[in-house]
Amino acid sequence: MPGKRPCCTFVQTINDQAKSGLTAAKPVRLSRSWLSSLILLCMNNYDFVLSLRAIRGYGEQPISSEHMAAILEAARWTGSSKNKQNWAFVVVTEREQLERVAACGRFTDPVRNSAATIVIVEEPGGNEFDSGRVAQNIMLAAKAVGVASCPITLHHRERAGAVVDLGEGRTCHYAVALGYPLPGAEPAVLGGRKPLAELVHWQSYGSNR
Ligand SMILES: Cc1cc2nc3c(=O)[nH]c(=O)nc-3n(C[C@H](O)[C@H](O)[C@H](O)COP(=O)(O)O)c2cc1C
């Protein structure tokens, strides 16, 4: 992960110095959560954006109200088309309701295992581009407060709408599963990205065909 190495090196250096008697400090022993926080502190904003991954292994600990408030505030501040903010957020934390939401998609184990899942609701006039931006803001804010996340597709949209009781005119298609990461939780092996040379076309698509 970008940004990981400098922190590890920093801790390693302190420990090496402590062991060799160069400093009076005791060797630093960091728990995983402290290490994650330290890594985040060392990361610049660019590395932070690049390091966002879908994480699917969560502990059972509920998300603190402070962290949830921070995540929802970031969702609220997402930009939207004409600033219409035609969205709503259904926060699901009860186990049985999480199961019902999970039944609305095909790859929804993260919802089942989550401490909370936020269903992104499109109010009338809303659109999926805005929902996508909200999801990304939720994920970035979650990471900033130490919460792991995974975007979720609710393939059975109508059923999902009924489960979270949307009533007429509102729809939902996506959700974000959230939870404190299990120790060692990693992104799926299938990660990685296409090279820019395959993706970028300057001025027109045909320019580098
Ligand atoms: C629109 C969208 C829908 C997704 N739906 C699911 C899903 O239903 N279940 C799931 O486990 N992951 C889902 N993902 C997560 C992707 O699988 C993940 O972002 C992709 O594999 C890249 O993973 P990485 O960022 O960890 O490298 C979804 C991602 C996006 C952008």
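1. The expected span of a helix is 1.5 Å times one less than its number of residues, and helices here are DSSP runs of H or I with at least four residues, while strands are E runs of at least two, both numbered from the N terminus. The model is predicted, with local features needing pLDDT of at least 70 and side-chain atom pairs counting only at pLDDT 80 or more, whereas totals for chains, interfaces and linings use all residues. Residues are numbered from 1 along each chain as its sequence is written.

2. Helix α4 has 12 residues and should therefore span 16 Å, which agrees with its end C-alpha atoms being 16 Å apart.

3. In α4, the residues H67, M68, I71 and A75 are buried (20 or more other C-beta atoms, placed from the backbone, within 10 Å of a residue's own; exposed means 12 or fewer, and partly exposed lies in between). Seen down the axis of α4, these buried residues fall within an arc of 100°, so they line one face of the helix (the arc is that of the directions from the helix axis to the C-beta atoms). The face turned away from this buried side carries the exposed residues S65, E66, A69, E73 and R76.

4. Q85, in the loop between α4 (65–76) and β1 (87–92), has a positive phi of about 55° although it is not a glycine. With 16 C-beta neighbours inside 10 Å, Q85 counts as partly exposed.

5. Q203, found in the segment after α9 (196–199), likewise is not a glycine and yet has a positive phi of about 70°. This residue, Q203, is exposed, with 7 other C-beta atoms within 10 Å.
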